[in-house]
Amino acid sequence: MKKKTLLLKNYFFDYLSDKKSAPHFYLILLIVTNIIFITLYATFIFGNGTYMYNDIGSDTSAMSYPFNIFLSKLLHSGKFSPYALGVGLGTDILPTLLQYVNPINFLLLLFTENTFPAALLIVTFLKLNIISIFSYKYFNLIFKYRPVSIICAWIWTFSSYIILWGQHYSFCTAAMLFTLFLYFLHRYLTLTQSKSVVFFIPVMTIFIFTNYYFFYMTGIISVLYLLFVLIRSHKSIREIAQKLIGLAGMALLSMGIAGITLIPTINSFTRSARTNAITTQNMFSYFKPHNIQTLLSTLARFFSNNMLGTGSNYSGMMNYYEIGMYFTSSLFLFSAIYLVFRKKYRKTTAALLIISLLSVIFPFTGWLFTFNVAAQRWTFIICLLEVLTIGCFLFDIFTQPSKIAIKRTLILSPIIYTVSFLCLFYGHKHNWFYINKTTLALSLGFVGLYWILLLLFLLKYHTRYFLIPFIGILICELVLMNYTSINRRPYITKEELAHDIYNDGSKEAVAEINSVDSDLYRVSKTYFSHSYNDAMVQDYNGLSIYTSVNSSNLIQLKNNYDAFGYSGNSFYIDYSQYMLATLLGTRYVISDSVPAMDSRLYTKVANVGTKEIYKNNYALPFGYLYQNQLSTTEFSTMTDTEKQLNSSIGFYYTNEASPKSETAYPSAKLPVASAKSDLLNEITNANFCEHTFVDQKLTLSAVGADPYITMEDSSKFSNSGTNYFVISSDGSSSEAIALALYVTTDSNPEFSDALVYNISLSQGNPNYSLLLPANITGLRLDLPNETSSINLTEMSVLHYEDENLMDTLLSDLSQSPVTDVLFKDSTYQATVNASSTSMMCIPLIYDDQWSASIDGKPTSLYNINSGLCGVEIPSGKHKVVLKYTPAHFTAGAMTTTVSLLLYFYLFRHQFKQAGLLIKKKLKKSKKETSNA
């Protein structure tokens, strides 16, 4: 039996080392790759899960899915318009669509909504296989030793970065393109007459189309990589300069070819709120080390992504996805120690380890690569260095192992692991994070197995006894250490996707609305369909969006009117923010029966399944006329409630720098609250909720299940007139606090879901106000959970004597003489019959890519009411048209055309040579056949 085993080991090793077996390496590579893939993704391939998550970091279902479905519908319908009202409050979707020029991503758009879960798996399968093949080719260029190359390819393909960030589909694509880029870059640097340079430019071009942000990071890395490789190869300064100039030239040519998407995309990025966030960061913070909690959380990521939990269970510092992903294999530490003790690798290994360590410790690296000191999305570089370190170690072990280095590695590695885990337990003891015991046991188990294997290798000192068990342990490690981050997060089942998430009856209600009303309007909902992007899937113009490049005007609108948003990435108008929703063109509200709709504001018009459809009693046309003007300076000093109310009686220029109309509009008469009831110190009952009132601040702290406070002093509520509830926090909580306000009235005397409003307060959105129903008798404020707390600086009820305040405020706007409203092909048009010169507000987000005309003649477009479009209308009947032209699209298209022609011209000889080579091969084949 031992003899047979020995023969098997000898045959297997000889087979892997034999040059004749090279073609079969790709077969072995792909077989193992797909065995690991099937094992890791079995839940989604054979089970009931979809490869989408709904916990923290759920961009797969909250962002990627809606955009994919929306663009897929556009593609299948054959109706494409660069500007889409169904995306947020309207946005240019061309930059997003052009990201799908990548052939792999384009496959997603070919699938329908029903088959999208299968599409995700197919595309992920293709990406991982491409990564596997080209990483093998790359590592083979480095090591020129196939056993090492194939092992490194598996480790890289299933490294923690690719697996975990790969759950964001665009990042998986970026990792695939980075691998292709790396392969062609190394060929360019090391093969003097490599014809593959012709393919290098298309790879870079597709990279830019897909993710210019990752291409930017890769560009920085490529320069450092070029210098490192050529200096180690003892190239002259002239040769290095030539290669650097050549690389820069190819990059510029690729950027030119991608100009059709790059120029508009950069334009949208520079206009986004994210740009402002980047430019306002403190330079000194870049060189201050991360705090100890963050550094220890980072340390845990070197041993496993799941060491501190995954998804909603993550307990470390920083954002779950922003903190670096470093784990590749437990073999890395053994490899690094070994190479430090090998003379020929010592200096290089030590230098790279020090540079890598400093890059992790200081936020400067995050700023350099991501423009965000707290973001570590750049750590695929560290993962690559880890894999290369493992590869160097294995190459040395397989070819010329050092007994002394192995002995020192066996002695030192347990010490380093022990110190590292003691540091982690120190953080655990201080409640900075919680260590996942199962992952810890697995990590220690594989460390022990590699240590034993290395010891046996030292004793036997023969590669033949090392290779087979090593590959077996490695495959088990890749499966077990990645399995949790893929399968132990709460994923969306196929039934949920088909019958609940995004498919909860809203589509049918929207279809009913559209069947009876073909005008232009927006729709709101009283419930949540999983994401701010649900309108994209459910085919209506909504009031929310979640994306990374929201325009600064949209965020200005959010901030000025206290709309909700976790960050600049999100925007959401709650249906209870009645005035703002109405001013943005909301005509219908879809309800799921609770809460009860205020009959003063809404009239029920239909039932569709479990949904109820209500029409806004004061709905405005999609474009309405103002006769009065507010002072911009005075507006800035108003409370959030006053801003919403006053915007119904007069417009204002968004900022003083805006071009002013020469027409003088009368000043608007501001509605003023007749009384204000302060509720901060008027708590009548508390349930599992401690409350202290000090220095005009109410602190609420949950001390048990179902924490809430009630305010039921009827003298604090006016049953005549109109009442607004106003609440503000001090913004001290880093997380958004979700509160629930229950209301009792004469007709609803008990606190129940019949009258409840959801409120969210955060650092970015510390204020909230809402119109209360008539005849209120009591209020109850619920905290979200038994561990929550919040500091309130205001909680009051504003009283307006006018019982018909909404009618007083909105009657003029709702009767605006705006008809024949239409939006098609990125063009808005309407007929306006103004009795006098008026400012027309079109509830579209202002952008200088809009051009306006009246009766075919160009006219000025103004930025009014915190980022909406304004056109001054002279008296009389006129046709108003707003046309959206994608930013710099023409310039981008011309750049692409010229660059493509230049590309084919510059590389015409390589193309001809490739054609001649094919002909020569064909002639040679024919000659050999005739001779035979």
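These legends accompany several close-up views of a predicted model.

**View A. Val223, Leu227, Ile231 and Leu244 make a nonpolar surface patch.**
The patch covers about 290 Å². Helix 11, spanning residues 197–232, is the element that gives the most to it, with three residues.

**View C. Strand 16 and strand 21 run antiparallel and are joined by four bridges.**
Here we look at one pairing within the sheet. Strand 16 takes in residues 708–711, and strand 21 takes in residues 776–782. A handy pair to look for is threonine 710 and its bridge partner in strand 21, arginine 780.

**View D. Aspartate 539 and lysine 73 meet through their side chains in a salt bridge.**
Side chains of opposite charge can pair when their charged atoms come close. The structure holds 15 salt bridges, and in the one shown here the N to O distance is 3.2 Å. Aspartate 539 sits in the loop between helix 25 (534–538) and strand 6 (544–546), while lysine 73 belongs to helix 4 (residues 59–77), so this pair ties together parts that are 466 residues apart in sequence. How accessible are the two partners, aspartate 539 and lysine 73? Aspartate 539 has a relative accessibility of 44% and counts as partly exposed. Lysine 73 is also partly exposed, at 27%.

**View E. Aspartate 396 forms a salt bridge with lysine 344.**
The closest N and O atoms of this pair are 3.5 Å apart. Aspartate 396 is found in helix 19 (residues 380–399) and lysine 344 in helix 17 (residues 343–361), so to speak two distant parts of the chain, 52 residues apart, linked by the pair. Is aspartate 396 buried or exposed? With 0% relative accessibility, aspartate 396 counts as buried. Lysine 344, by contrast, is partly exposed, with a relative accessible area of 41%.

**View F. Lysine 604 and glutamate 612 are joined by a salt bridge between their side chains.**
The N to O distance in this pair is 3.4 Å. Lysine 604 is partly exposed at 40% relative accessibility, whereas glutamate 612 counts as buried at 13%. Elsewhere, salt bridges with shared partners connect Lys73, Glu113, Lys507 and Asp539 in one network.

**View G. Threonine 722 reaches the backbone oxygen of aspartate 802 with its side chain.**
Threonine 722 is part of strand 17, residues 722–729. Its relative accessibility is 2%, so threonine 722 counts as buried. The contact from its side chain to the backbone oxygen of aspartate 802 is 2.7 Å.

Technical notes. Residues numbered from 1 in each chain as written. Predicted model: local features only at pLDDT ≥ 70, side-chain atom pairs only at ≥ 80, totals over all residues. Heavy atoms only, no water. Patch = residues over 30% accessible without salt bridge, like charges linked within 9 Å, V, L, I, M, F, W, Y side chains within 5 Å. Areas by Shrake-Rupley, 256 points an atom, 1.4 Å probe, with all protein chains shown as cover. Salt bridge = Lys/Arg side-chain N within 4 Å of Asp/Glu carboxyl O. Pairing = 2+ DSSP bridges. Buried < 20%, exposed > 50% of the residue type's maximum accessible area, 1.4 Å probe, protein only. Polar contact = N/O pair within 3.5 Å; in protein donor to acceptor, adjacent residues only side chain to side chain.
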